[in-house]
Amino acid sequence: MFNQQGLSLDQAPPITVVFRFFLLGSLFGILSGVSLFVYQTDIFNTSSIAAVTFTHLLTLGVMLSSMFAALFQMLPVISGIKLSSPLKKANLLLYPFTLGTIALLLGFNFPNMKWLFLIAALLLSFAILTAITPMLKELLKLQNHTPSSKGMGIALLSLGIIVFLALYLLSTLSGIIEGTLYTQIKTAHYSFGLFGWVALLILSISFQVIEMFYVTPPYPDLVSRYLPLTLFTVLILSTFISLFYANIWIVSNILLVLLLTLYALLTLRRLSQKKRPLSDATVWFWRLGLSALLLSLLSHLLQILTTLEILKPLSYIFFASFALSILFAMFYKIVPFLTWFHLSSQGYFSAPMMHEIIHPKTAKKHLYIHLATVVTFVLSLFMPLFIFLAGVLTVLSFTWMAYQLIHANKRYKDTQKNGEKFEMGNM
Amino acid sequence: MMISSYMKHEHRACDTLFAQAEEAMAAGDWNLADERFLAFANETLRHFKREEEILFPAFETQTGMTQGPTQVMKYEHEQVRGLIGNMAKAIEKQDKDAALSLAESMMILLQQHNMKEEQMLYAMCDRQLPPELKEHTLESMKKVAL
């Protein structure tokens, strides 16, 4: 008979790796909600400390943590890559990453303590670069690339570039260098962050998971093969040209908006062609996320063409809604599946089914909370008091996420402790 | 014809049959669900048989890799067979929640499995098997019945 251990489980990461990063993401999410009570609508003034802190709480704290959770899970599936000692690698990333993020957030808020930026620079660059280097190396070795594995490689490369750009910014903030190119590097940093990392990773994963989870027609070859590389090329060229001619970002932003609009419309179309009958919460999270992306791109485009101030925060709110919606869509597929998969692979007859770990209705409730959060953020642009409600809903949304993880983990541990096991030796 | 394109086509055909069965379960039309699920199960099990009896041995003989990817795939087939059994029971009991929950697990498990086969195993078969053997393997697979 087959040896259970070391076969298919061999390619799946230990469940705790995925759970820990999702939990870290949800904790930073709760913190971001709490921070709204302090910063209030200052977060909409993009040059304020409040905005920088809040943005990094979401991008670094919530999204990067959760994307690492998804990456540890998706990388072996999408590319067949088996990361050696994943638990060790995950720990080497988790602790310095957490401390580095906290140091950075404190650094923004205590400008006199410049050494915090140095600590953040050291810890974050060590953690992120140590994590992505082996992933990139393995991806480079692949003989059979799919659009997803290629796109993931490009997204990881972008993440590496973001780290180097951040090192320049942090060296300037901590007073080590003069930072004559600070403004240009800052633009490149957030452009790579939003388009090169967040958007590129999401679209690369979607090339595989939209077809796989919902049974849709595949993306056209032209899109899945060339879109990630095109986005990346636009970003790289713009960064170099901007060192001499800063206005190049206007042209490249219009181009990026058009490319991502095409992607969002195409993905919405694919979802409407799905063969699976049910539209569970994850389908709606995708639809909500893609619609938010379209609204964000539209606000971004209008902001380039007009001088209407409100468009800038509007495009940020919708972009964050896009990224978080997709994160939740992936979360509600990954967590119940992994819990069931690990337990049934370990031979437990009594492994709970996916719906027993997280019921679709529970995910649907989270969808409504998330939707309400997005709406209250938009309302708070016009009626500032709504920001407190947005804060409460953000805390609720991420507490919901954390609770699902704790619950899934409890079911996992309980089954391991009390479950009836199928012993291969008895065969 | 390449092994990968033939086998990929079979994967997609099974996906469609599965989606149709799921649609009937969601609608609570249990007779139709039973009929469609049977069609899916038969097609999937025949596909597994083609692999386990023809393709995998050809690959193992050609490469000498008997403890590698084919073992993983066979193990995953066992997991899917187990799920097919559980789903059939849920359909028989007309337990909608259990049937749809198992359907979700089945879909993700199958898709992960298909991805590994399409990206690694079939590609390796197309590369490693000499043209004549590839042709022979394909023809033999087409003749497999349940």
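Residues are counted from 1 along each chain as its sequence is written, while chains are lettered from A and ligands numbered from 1 in the order in which they are written. Since the model is predicted, local features need a pLDDT of at least 70 and side-chain atom pairs count only at pLDDT 80 or more, whereas totals for chains, interfaces and linings use all residues. The model scores ipTM 0.80 and pTM 0.90. Within chain B, confidence is highest in helix 2, at a mean of 95, and lowest in helix 4, at 87.

Chain A comes next. It holds 14 helices and zero strands; here helices (H or I, at least four residues) and strands (E, at least two) are DSSP runs, numbered from the N terminus. Chain A has a radius of gyration of 21 Å, close to the 22 Å that the globule rule gives for 427 residues, so chain A is as compact as a globular protein of that length. That radius is taken over C-alpha atoms, and the globule rule is 2.2 Å times the number of residues to the power 0.38. Along its principal axes, the C-alpha trace of chain A spans about 70 × 45 × 40 Å. Of its 427 residues, 50% are buried. A residue is called buried if 20 or more other C-beta atoms lie within 10 Å of its own, exposed if 12 or fewer, and partly exposed in between, with C-beta atoms placed from the backbone. Among contacts in chain A between residues at least 6 apart in sequence, 76% join residues at least 24 apart; two residues are in contact if their C-beta atoms, placed from the backbone, lie within 7 Å.

One helix pair in chain A can be followed in detail. The axes of helix 11 (residues 311-345) and helix 13 (residues 360-382) of chain A come within 10 Å and cross at roughly 170°. This makes helix 11 of chain A roughly antiparallel to helix 13 of chain A. Axes are lines fitted to C-alpha atoms, for helices over the stretch in contact, and angles run from 0 to 180 degrees between N-to-C directions. Angles under 35 degrees count as roughly parallel, over 145 as roughly antiparallel, 65 to 115 as roughly perpendicular and the rest as oblique. Residues that meet here include Leu314(A), Ile317(A) and Phe328(A) in helix 11 of chain A, and His366(A), Val374(A) and Phe377(A) in helix 13 of chain A. The contact of these two helices divides into eleven nonpolar, four polar and no charged residues. In this scheme Ala, Val, Leu, Ile, Met, Phe, Trp, Tyr, Cys and Pro count as nonpolar, Asp, Glu, Lys and Arg as charged, and the others, Gly among them, as polar.

Chain B contains five helices and zero strands. The C-alpha atoms of chain B fill a box of roughly 50 × 25 × 20 Å along the principal axes, and 38% of the 146 residues count as buried. Phe56(B) sits in helix 2 (residues 30-63) of chain B and is buried, with 20 other C-beta atoms within 10 Å. Leaving aside neighbours within four places in sequence, Phe56(B) is in contact with Glu51(B) and Thr70(B).

Where the two chains touch, the contact takes 27 residues from chain B and 21 residues from chain A. On the side of chain B, helix 1 (3-27), helix 3 (69-92) and helix 4 (96-128) each give two or more residues, and helix 4 of chain B gives the most, with 15 residues. This side of chain B divides into eleven nonpolar, eight polar and eight charged residues.

Finally, two loop residues deserve a look. Most residues other than glycine have a negative phi. Gln40(A), however, has a positive phi near 50°; Gln40(A) lies in the loop between helix 2 (15-39) and helix 3 (49-79) of chain A and counts as partly exposed, with 17 C-beta neighbours inside 10 Å. Gln94(B) has a positive phi of about 55°. Gln94(B) is found in the loop between helix 3 and helix 4 of chain B and is partly exposed, with 13 other C-beta atoms within 10 Å.

Key: pLDDT = per-residue confidence, 0-100.
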